[in-house]
4 protein chains.
Amino acid sequence: MSSNSTTTDKKQAILDAALQLFVNKGFNATSTASIAKAAGVATGTLFHHFPTKNDIMNQVFLAIKQEFADNMVTSTQFSGDIEQDAYTLWQKAIDWAIAQPLKQLFFLQYSMSADIDVMIRKQAMTSILSFVVELIEQGKQQGIIANFPSELLLENCHGQYLAAIRFFTDNPHLGGDKIHRDASFTLFWHAMKAQ
Amino acid sequence: MSSNSTTTDKKQAILDAALQLFVNKGFNATSTASIAKAAGVATGTLFHHFPTKNDIMNQVFLAIKQEFADNMVTSTQFSGDIEQDAYTLWQKAIDWAIAQPLKQLFFLQYSMSADIDVMIRKQAMTSILSFVVELIEQGKQQGIIANFPSELLLENCHGQYLAAIRFFTDNPHLGGDKIHRDASFTLFWHAMKAQ
Amino acid sequence: MSSNSTTTDKKQAILDAALQLFVNKGFNATSTASIAKAAGVATGTLFHHFPTKNDIMNQVFLAIKQEFADNMVTSTQFSGDIEQDAYTLWQKAIDWAIAQPLKQLFFLQYSMSADIDVMIRKQAMTSILSFVVELIEQGKQQGIIANFPSELLLENCHGQYLAAIRFFTDNPHLGGDKIHRDASFTLFWHAMKAQ
Amino acid sequence: MSSNSTTTDKKQAILDAALQLFVNKGFNATSTASIAKAAGVATGTLFHHFPTKNDIMNQVFLAIKQEFADNMVTSTQFSGDIEQDAYTLWQKAIDWAIAQPLKQLFFLQYSMSADIDVMIRKQAMTSILSFVVELIEQGKQQGIIANFPSELLLENCHGQYLAAIRFFTDNPHLGGDKIHRDASFTLFWHAMKAQ
DNA sequence: CATGAATGAGTATTCATTCAT
DNA sequence: TATGAATGAATACTCATTCAT
């Protein structure tokens, strides 16, 4: 157990160090040696846990997307009112981004980067963010969300969310301001809702 | 004149080759040698025109942003009806992206990449895309566009545009389909307009 | 122990190879790749032990100066008679140069070269060759060595020694000839002694 | 004539610029482009006057040695008293070095550097510095200079001179001090004179 | 599992030199 | 002669990855 937790610790330390370096220096300017050093392990150890540097990036990406999805779904009370639920989720999403600045910056930089394998990105979109897809489908069936292709709606969701957190990143003092947060939701919701 | 056009040709050939390679292989997987070879010049020539590889990236970025802005503003008949004008510009923007798949893909990959200097990106947003800012201001004054912070509206614009062209990139057969194109505009406009 | 000696071996092999190449080809005509090849290691190994090519040069320089100083001081019987001791040391110094032609040539080429960091050269002069300084001070106090500034005497020592070994380098057959060796000492000593 | 003097001017400008850069940056850290720029000419012009970069170095070396020799011989009143003449020449040599700090530093750095062709260096030693050789021969014949091999005496001369100017380089405030200048001559002369 | 010395392919950049104008 | 854009060979240094301990 102790050895097991040590292993977990080192693996997690590597992922944490990689996240920080990828965000602050960029993927290519970050050497595996610097990740190992920042994680407090030897370079060889790094390659015991991850076959390649690209794999580290993929794992960081998946872990963050998963953490984001878990945060959204877990302990959320769904009212059944789609707009109400969308509002709740949007606030949660913004909260999460503001609470996790490193992960939020990672989102902004790498959401569409070529440094992450295409398959991994697709996997994240379809399986991890499936709760968004389901919500959109429900909303369309209830005539509350506009009857546009779901894929277009999903991309639009994603695009508006990135735009919102970029705004709050550039204006950190507005992160707690209800008016601006509600404005960002209103923009989003007006786009999505059926009229 | 001949010598001048030769110089221009080589510099332009380097930028063209770089654009194609950056999109297809990624910035880091593209060696300066391969850019020079694709451009039909010697490696030394490349560094005669651009001090560093990063500078090439910056110049490619600025050139495309500028070309996009020129395309949007030039020969556009502004009706004075903000919604009408927004529709015209949105269609033009989608047309441009579909007509220039390489440049569109460059947008998607590098709009937020760390491979472009922060200052260069800011310059592009503020000076080159200033026509969008102006339109938003007018729309707000006329009570047609929602009264939200302009910076938030600008980011939202950008985010929805990227989402739209990502959708049409993934579904090329829908690029000419009026229903989907209008759907993408409707999403965008419903977000922006005052209600 | 075995791993330790392997490490030492590789580092030493690099220094040995560098010495030979620097002397025979010059610092700039010697590529790091050629040093590595001559040392029987990979290019990466070279940079694992020395941060830069210049650092290799500095280490070669310091190692030779130290070896020279060790050779001069170790197992030398000091009689207390300054002239006698000076004679013994001068012969030892010439012997060393003749026995180590590569290191002697290195002395001649690089003693004043800009390829060695100024700080490194100063360090060698002051700390490593301190035994010469002490001898000069003693001789002056005893009224045996001329009462000139010690720094001038030290430079003169150094200059005459380089001149002597250049002479024996150009005339190798005279290296064992007592008359010429004594002549070189006499020149030196007549300069130094009080009259 | 005007074109001729222009040519001379440019050639001289190149040599002047090269001297300054070689001394301050080192031979290899000095690019031909930087020499051309400092000389105020185009890179191509440089190669009209000198076939290679090494040739520039050789010409700088020869020009300085020649200028030094001319300065020593021209307008020197030889008294016939060898010691008196040696004293006069030594003072002149030190004067020249102090008056021409750039050329003096060039001496110190490149007198034995591998950056100058062997043949060129030999030529300088034998033909240009022939007046020193002649003086030594005369002194030996008159029994005033020690009866050691002339080549050894010549090297010793050279070595002591370099040592002296290195001392005055490191202690510029002593350059005009008669005591130290006389000390440097005394060291030199005691070595050379017959006893 | 952990280590870190060793590897060698890969790359941005430099620079002496050429040559068409 | 003078120019400076163009050349492409040369090189110091990096870095993902391996493996013996």
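**Exercise 1.** How many residues of chain D are in contact with how many residues of chain C?

*Solution.* The structure is a predicted model, and the task is to count the residues on each side of the interface. On the side of chain D there are 30 residues in contact, and they meet 30 residues of chain C.

**Exercise 2.** Determine by what turn and shift chain D can be laid on chain C, and name the relation.

*Solution.* Two copies of a chain are in general related by a rotation about an axis and a shift along it.

**Exercise 3.** Find the salt bridges between chain D and chain C, and work out which helices of chain D touch chain C.

*Solution.* The rule finds 2 salt bridges across this interface. In one of them, the side chains of Arg166(D) and Glu155(C) meet at 2.7 Å, N to O; this lies within the cut-off of 4 Å that the rule sets. Residue pairs in polar contact between chain D and chain C number 8. Turning to the elements, those that give two or more residues to this side of chain D are helix H6 (101–110), helix H9 (150–170) and helix H10 (178–192), and H9(D) gives the most, with 12 residues. By kind, the residues of the side of chain D that touches chain C divide into 13 nonpolar, 12 polar and 5 charged.

**Exercise 4.** Describe the contact between chain A and chain B in the manner of the exercises above.

*Solution.* Chain A brings 30 residues to the contact and chain B brings 30 residues. Between them an area of about 2900 Å² is buried, of which carbon and sulfur atoms give 63%. The rule finds 2 salt bridges across this interface, including the one in which the side chains of Glu155(A) and Arg166(B) meet at 2.7 Å, N to O. Finally, H9(A) gives the most to the side of chain A that touches chain B, with 12 residues.

Notes. Residues numbered from 1 in each chain as written. Chains lettered and ligands numbered in written order. Predicted model: local features only at pLDDT ≥ 70, side-chain atom pairs only at ≥ 80, totals over all residues. Heavy atoms only, no water. Least-squares fit on C-alpha atoms with pLDDT ≥ 70 in both. Contact = heavy atoms within 4.5 Å. Polar contact = N/O pair within 3.5 Å; in protein donor to acceptor, adjacent residues only side chain to side chain. Helix = DSSP H or I, 4+ residues; strand = E, 2+ residues; numbered from the N terminus. Nonpolar A, V, L, I, M, F, W, Y, C, P; charged D, E, K, R; others polar. Buried area = accessible area lost by both parts, 1.4 Å probe.
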